[in-house]
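Hi,

Here's the structure I promised to pass on.

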Amino acid sequence: MNLLFVFLQAGGGGDYSFLIMMVAIFAIMYFFMIRPQNKKQKAIANFRKSLEVGQEVITAGGIYGKIKEVEDNTVVLEIASGVKIKIDKNSIFADAAASQQTK
């Protein structure tokens, strides 16, 4: 009922300016918010699929380490000499410092 009232007040029934404005706002939100976020999520997913032994990464908790083993859903990280932890792949991010050194 409230949505119908808003449409009737804004457009008077025949005026489509409100509808055009709503479509424009949605398009702006899509191109500036939704689309870049989807691209970022795809890039992170591709990074996690391409994990390999010896690569330096950061966990979601902020732990830096080097990958020692890659399994289906988990990764074994060496965080200090002889100290290994097993974590989920979804909590791994790229080490920005290591990626900048290789460029």
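Below is what I found, starting with the ground rules.

This is a predicted model, with local features needing pLDDT of at least 70 and side-chain atom pairs counting only at pLDDT 80 or more, while totals for chains, interfaces and linings use all residues. Residues are numbered from 1 along each chain as its sequence is written, and side-chain values use heavy atoms, with hydrogens and water left out.

The sheet: five strands form an open, antiparallel sheet ordered β4-β3-β2-β1-β5. Strands here are DSSP runs of E, at least two residues, and helices runs of H or I, at least four, both numbered from the N terminus; two strands pair if DSSP finds at least two bridges between them. At the edges sit β4 (83-88) and β5 (92-94), each pairing on one side only. β1 (residues 56-59) and β5 are antiparallel over three bridges, and Thr59 stands opposite Ile92 in β5.

Helix α2 (residues 17-49) lies across β1 and β5, at about 100 degrees to β5. (Axes are lines fitted to C-alpha atoms, for helices over the stretch in contact; angles run from 0 to 180 degrees between N-to-C directions. Contact means heavy atoms within 4.5 Å.)

Beyond its neighbours within four places in sequence, Val57 is in contact with residues including Phe47, Leu51, Ile67, Leu77 and Ile92.

Thr74 is in strand β3 (residues 74-80). Its side chain makes a 2.7 Å polar contact with that of Glu71 (N or O atoms within 3.5 Å, one able to donate a hydrogen and the other to accept it; residues adjacent in sequence count only if both atoms are side-chain atoms).

Cheers
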